[in-house]
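Hi there,

Here is the structure I promised to pass on. Have a look at it, and then read on for what turned up.

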Amino acid sequence: MKLSVSGRAAAAAVVAATTLLATGSLAGAAPATPAVAAAPDIPVANVKAHLSQFQSIATANGGNRAHGRTGYRASLDYVKAKLDAAGFTTTIQQFTSSSRTGYNLIADWPGGDTTRVVMAGSHLDSVTAGPGINDNGSGSAAVLETALAVSRAGLQPTRHLRFAWWGAEELGMVGSRYYVNNLSSANRSRISAYLNFDMIGSPNPGYFVYDDDPTIEQTFKTYFSGLGVPTEIETEGDGRSDHAPFKNVGIPVGGLFSGADYVKTSAQAAKWGGTAGQPFDRCYHSSCDTIANLNDTALDRNADALAYAVWTLSS
């Protein structure tokens with residue numbers, strides 16, 4: 001994230017039985033219906049395997065995966081190889097920022113109505129200070145594993161599915177802004193939802209849901225309600241991550257967040273556990289944002305919620 005100024009089966013049955021808001025503002029939304037097929041459980045071990053690869057890449061490339069550095073490109077190549085092998089059509093989009101070459105990776109799943117596109121994305125770059133495993137390896141790995149789950153399931157969604165990994169977010173959402181600014185007005189209008197995942201495995205986690213679009217917001221809330229996990233509206237990251245360029249041109253956006261350098265309150269610790277008076281992620285933008293800087297439960301729940309939203313909103 002850009003630096004600021006200062007019991008699954010039972011749960012799945014609950015969320016699958018709950019319909020979306022019939023009057024939501026998701027572009028092109030018809031009266032809501034349950035997902036055609038239940039979203040799969042996303043194995044947290046698989047997500048962590050990708051994170052281990054990101055850690056190894058950072059270690060081998062000066063300790064980071066930052067824009068314009070070899071660690072970033074190696075991370076992108078790792079994700080692309082997984083997607084290519086799974087049957088996605090991948091595109092690398094190149095741009096320049098701070099006199100360095102940056103890259104976005106876009107992956108389209110064959111089929112679905114291409115006039116109604118559901119996108120899920122995350123930024124793949126770290127800051128130069130560290131490997132960026134929570135920020136934002138966590139979102140990148142969960143989006144990757146959800147895309148691979150789409151392939152394993154042979155999903156045939158009603159809407160077209162697109163996944164994205166953005167470059168240079170840490171410099172001000174440069175990659176995602178470049179992507180949005182280079183879409184024609186017609187192609188912008190075809191994106192009915194953009195879902196953003198930036199820091200979803202914070203070690204002292206909260207469960208925050210973006211409130212930008214009511215239909216997307218309710219989709220995530222429905223999932224967490226089925227788990228019995230309370231959520232709060234996300235405010236720490238407003239305008240600070242890759243949903244912002246989409247929102248600014250009128251595309252419905254939503255997403256999840258587990259907290260950065262804000263401090264967990266006593267009330268939040270009472271309902272979520274963890275340590276009051278400490279940041280959600282004490283290693284935010286630091287060298288200690290390593291593979292050890294994760295909460296597996298938060299990572300698991302958020303990855304499953306990601307998949308639930310992809311399955312539901314594309315059905």
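In which helix is the place of Asn-136? Asn-136 belongs to helix 4, residues 133–153. Helices here are DSSP runs of H or I with at least four residues, strands are runs of E with at least two, and both are numbered from the N terminus.

A word on the background: this is a predicted model, where local features need pLDDT of at least 70 and side-chain atom pairs count only at pLDDT 80 or more, while totals for chains, interfaces and linings use all residues. Residues are numbered from 1 along each chain as its sequence is written, and side-chain values use heavy atoms, with hydrogens and water left out.

Now to the backbone. Most residues other than glycine have a negative phi, and most peptide bonds are trans. Asp-135 and Asn-136, however, are joined by a cis peptide bond, with omega about 5°. Ala-168, not a glycine, has a positive phi of about 55°; it sits in the loop between strand 4 (159–166) and helix 5. His-285 is not a glycine either, and its phi is positive at about 60°. You will find His-285 in the loop between helix 9 (266–272) and helix 10 (296–314).

Ser-176 lies in helix 5 (residues 174–181). Ser-176 counts as buried because its relative accessibility is 0%, buried being under 20% relative accessible area with a 1.4 Å probe, protein chains only. Beyond its neighbours within four places in sequence, Ser-176 is in contact (heavy atoms within 4.5 Å) with residues including Asn-104, Trp-166 and Asp-242.

Best wishes

Technical notes
Buried < 20%, exposed > 50% of the residue type's maximum accessible area, 1.4 Å probe, protein only.
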